[in-house]
Amino acid sequence: MQLELHLSKDEILQLYLNLVPYGGNIEGIKAASLLYFGKPPELLSLAEITALTIVPNRPSSLRPGTHNEALKMARNEWLLRFGKEGLFDQNIITDAIHEPLNIKRLSPPRQAPHLSLRLQKDFPGQPVIQTMLKIQLQKQIEEQVKNYINRMQSLNIHNAAVMVVNNETMAVEAYVGSADFNNPYDGGQVDGIRAIRSPGSTLKPLLYATAFDKGIITPKTVLNDVPGNFAGYEPENFDQHFNGPVTTEFALANSLNIPAVKILKEISTPVLVGQLKKAGFQTIKKQEKDLGLSMILGGCGVTLEELTRLFASFANEGDFRQLNFTKKNQPTKKGTNIVSKEASFLLTSILTQVTRPDLPTNFDNTYHLPRIAWKTGTSYGKRDAWSIGYNKRYTVGVWVGNFSGEGVAELSGANTATPLLFSIFNALDYNSPKGWYQMPGNVALRKVCAVSGDIPEDFCDHQITDHYIIGVSAYRKCRHLKYVFTDHSARISYCTYCLPETGFEKRTYPNLAPELIAYYEQQKFPYQKLPPHNPKCERVFYDGAPLIVSPNEGSEYYIRQEEPQQIQLACQAANDVQEVFWYINDKLSKKSGPNEPIFINPPLGRVKISCSDDKGRNSDIWISVRRM
Ligand SMILES: [Zn+2]
Ligand SMILES: [Zn+2]
């Protein structure tokens with residue numbers, strides 16, 4: 001009565017067909033049809049639909065799969081009745097009666113399992129959720145990932161995750177959370193797209209693009225890739241080798257660490273964190289207070305989803321938009337600007353270069369190099385291999401590693417993740433018909449000095465062409481050389497204060513940064529030194545005091561009484577410095593060459609350490625020394 005009052009006959013029949021029991025936990029005729037015959041109800045034969053129709057009469061004793069014989073007999077009784085009633089032609093009935101019945105319960109279809117589970121949680125109680133997945137693409141990439149990881153097993157690499165985003169709609173068209181969802185040993189059910197991992201070098205593109213927008217650098221700006229000390233933090237390169245002066249584009253394409261740390265120091269960590277927060281990086285937001293310069297080398301936590309979404313904003317010329325997982329949230333047309341169109345263009349040009357070390361070493365003709373911009377990353381301890389790439393149509397994020405967190409010596413972004421990225425692009429959009437990015441109107445070409453990347457001076461005889469952003473990129477005059485007054489034999493230099501009236505010459509000398517001098521000294525690399533300053537000069541200089549690089553300002557030392565340790569004093573001094581003087585608590589302690597490290601036994605307590613050069617320029621730091 002209740003049902004008749006509230007529902008039509010059709011609705012009641014629909015309810016019945018959706019809820020009718022089919023043995024075990026199977027409910028409804030559609031589920032039964034898929035699980036017993038592997039096809040939807042509309043494709044069932046007369047014999048099949050007859051069998052299914054009668055199961056609910058006795059769901060236990062006619063249970064398909066376990067009682068096939070009984071079910072077949074019951075089915076044929078009904079088919080004979082249909083024949084007698086004249087419901088079907090006799091030959092159709094005869095065919096149906098002779099149809100074998102070999103039902104086995106199939107496993108339920110499980111497509112895109114990680115995304116399905118995720119969306120089920122996000123939309124509780126919603127019976128049907130329409131995703132943006134391209135099911136063919138999804139299956140193909142699942143297959144590619146599975147086969148790829150099978151080949152990697154021998155290296156003790158067991159997992160991978162891949163996400164494919166359509167740049168125009170921001171639709172997630174493929175979502176592969178692990179190599180094999182059904183593999184319980186390697187955590188196949190873990191969703192690698194949302195796992196928090198160290199990004200290695202994959203945040204560098206955002207840093208460089210941000211620095212392009214701040215006008216600090218252009219692709220040809222020269223940076224010093226030499227050992228440096230950043231308040232106690234001494235980063236090394238991946239290969240523990242330093243390159244000396246390099247261009248910005250070389251530093252990014254080769255993923256050098258020191259230049260990246262220097263740029264981050266210049267734009268400051270909070271600015272980069274702000275950018276990442278704008279791009280929706282959740283873990284970074286939580287870690288905000290603990291993040292330092294090391295974050296640019298992977299000292300923070302990100303997910304593959306966050307990285308892929310960030311790179312999609314580079315693909316969309318700096319425009320950041322949220323991902324679309326379901327048909328329900330319609331594509332947002334307007335996003336937020338993370339970096340400018342101009343900075344994205346400079347970045348993309350660098351990340352497209354193919355002569356670079358993060359090509360897989362076994363890279364050969366087995367796959368084509370797709371036309372994409374990409375960046376690799378390898379986390380500390382070789383736990384994570386990343387490769388994120390884009391063209392105009394797609395952004396693809398690849399992570400390879402172990403969910404257990406176990407590191408593998410052979411693992412690297414270039415060799416472990418990039419081959420998978422390339423093979424996905426080869427299958428997806430090898431040479432996008434959408435073409436490539438055009439140079440924005442606000443990017444132009446200019447001549448710069450090859451030594452510095454700055455605007456050439458009269459003495460800059462080697463000039464090259466560089467891209468720059470009009471009205472944004474700094475207009476710095478090159479200072480790779482400087483004019484110095486010397487005597488005729490270039491043995492003494494003069495300043496304007498002590499310059500004699502006659503008997504001097506104006507010469508050019510390399511204007512080297514103290515850190516570069518220290519590096520050249522350490523490498524025994526010859527460079528042109530300034531002659532010592534006129535010893536009779538009485539002027540006091542202020543600029544360019546020695547930079548104390550050891551010990552670190554504010555550091556604490558604990559000293560054992562029985563065997564007191566020594567601490568090292570080291571500085572970086574200007575090119576014309578011959579000697580430096582070290583003072584401990586304002587008392588002269590040692591005299592040394594500017595690049596010669598020395599050792600002292602420090603007194604206890606708060607200790608003032610001063611370093612003066614032979615022009616009287618002075619720096620102080622404070623440390624504290626305690627007894628253990
Ligand atoms: Zn120059
Ligand atoms: Zn002087």
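Donors are N, O and S atoms within 2.8 Å of the metal (3.2 Å for Na, K and Ca), and since water is not among the atoms, sites may look incomplete. In this structure the donors of the zinc ion (ligand 1) follow the spacing C-x10-C-x17-C-x1-H along the chain. This is a predicted model, in which local features need pLDDT of at least 70 and side-chain atom pairs count only at pLDDT 80 or more, while totals for chains, interfaces and linings use all residues. Residues are numbered from 1 along each chain as its sequence is written, and side-chain values use heavy atoms, with hydrogens and water left out.

**The zinc site**

- The protein donors of the zinc ion (ligand 1) are Cys 449 (SG), Cys 460 (SG), Cys 478 (SG) and His 480 (ND1), and they lie 2.1 to 2.3 Å from the ion.
- The arrangement is tetrahedral because the four donor atoms subtend angles of 103 to 118° around the zinc ion (ligand 1), the requirement for four donors being that all angles lie between 85 and 135 degrees.
- Cys 478 counts as buried because its relative accessibility is 2%, where buried means under 20% relative accessible area (1.4 Å probe, protein chains only).
- His 480 is also buried, with a relative accessible area of 16%.

- Leaving aside neighbours within four places in sequence, Met 295 is in contact (heavy atoms within 4.5 Å) with several residues, among them Leu 203, Leu 264, Ile 284 and Cys 300.

**The five-stranded sheet**

- Five strands form an open sheet in the order β16-β22-β21-β18-β19, with mixed pairing, where two strands pair if DSSP finds at least two bridges between them.
- The edge strands are β16 (556-559) and β19, each of which pairs on one side only.
- β16 and strand β22 (residues 618-627) run parallel and are joined by four bridges, and Tyr 557 stands opposite Val 625 in β22.
- Strand β18 (residues 580-584) and strand β19 (residues 587-592) pair in the antiparallel sense over five bridges, and they form a hairpin with two residues between them, where Asn 585 in the turn has a positive phi of about 50°.

Terms used: Chains lettered and ligands numbered in written order. Tetrahedral: all angles 85-135°; square planar, octahedral: opposite > 155°, others 65-115°. Buried < 20%, exposed > 50% of the residue type's maximum accessible area, 1.4 Å probe, protein only.
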